[in-house]
Amino acid sequence: MKRLDDPPAEFRCPVCRAKQTPSTSCRRCQADLTLTLQVRRRLEYLRQQPMTPEVAEERKLLGG
Ligand SMILES: [Zn+2]
């Protein structure tokens, strides 16, 4: 059974793809990860909501 509700196991910088713990800036390239973190938190919230068409659409938009 596919487990769609699990959050991604790892967090990567969208700029340099460095694997890291969630933080507001990348430890390698210093990219601002504030928005990335906000999207991630939003996706975690959405994953706990009933799958309405609105939730499905927002998850699709956010890539989760
Ligand atoms: Zn980076």
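Trainee: At what angle do the axes of helix α1 and helix α2 cross?

Mentor: This is a predicted model, in which local features need pLDDT of at least 70 and side-chain atom pairs count only at pLDDT 80 or more, while totals for chains, interfaces and linings use all residues. Residues are numbered from 1 along each chain as its sequence is written. Axes are lines fitted to C-alpha atoms, for helices over the stretch in contact, and angles run from 0 to 180 degrees between N-to-C directions. The axes of α1 (residues 34–47) and α2 (residues 53–62) come within 10 Å, and they cross at roughly 150 degrees.

Trainee: Is α1 roughly parallel or roughly antiparallel to α2?

Mentor: Angles under 35 degrees count as roughly parallel, over 145 as roughly antiparallel, 65 to 115 as roughly perpendicular and the rest as oblique. The axes cross at roughly 150 degrees. Therefore α1 and α2 are roughly antiparallel.

Trainee: By class, how many residues of the contact of α1 with α2 are charged?

Mentor: Ala, Val, Leu, Ile, Met, Phe, Trp, Tyr, Cys and Pro count as nonpolar, Asp, Glu, Lys and Arg as charged, and the others, Gly among them, as polar. The contact has 5 nonpolar residues and no polar ones. The number of charged residues is 3.

Trainee: Is K60 buried or exposed?

Mentor: K60 lies in helix α2, and its C-alpha atom is 9.8 Å from that of L43, 17 residues apart in sequence. A residue is buried if 20 or more other C-beta atoms lie within 10 Å of its own, exposed if 12 or fewer, and partly exposed in between, with C-beta atoms placed from the backbone. Because K60 has 9 such atoms within 10 Å, K60 is exposed.

Trainee: How many buried residues does α2 have, among its 10 residues?

Mentor: Across the 64 residues of the protein chain, 2% count as buried. Helix α2 is hardly covered, and its count of buried residues is 0.

Trainee: What is the phi of Q30?

Mentor: Q30 is found in the loop between β2 (19–20) and α1. It counts as exposed because it has 11 C-beta neighbours inside 10 Å. Its phi is positive, in a residue other than glycine, with a value near 65 degrees.

Trainee: In what order do the elements of the protein chain run?

Mentor: Helices (H or I, at least four residues) and strands (E, at least two) are DSSP runs, numbered from the N terminus. The protein chain has 2 helices and 2 strands. From the N terminus on, the order is β-β-α-α.
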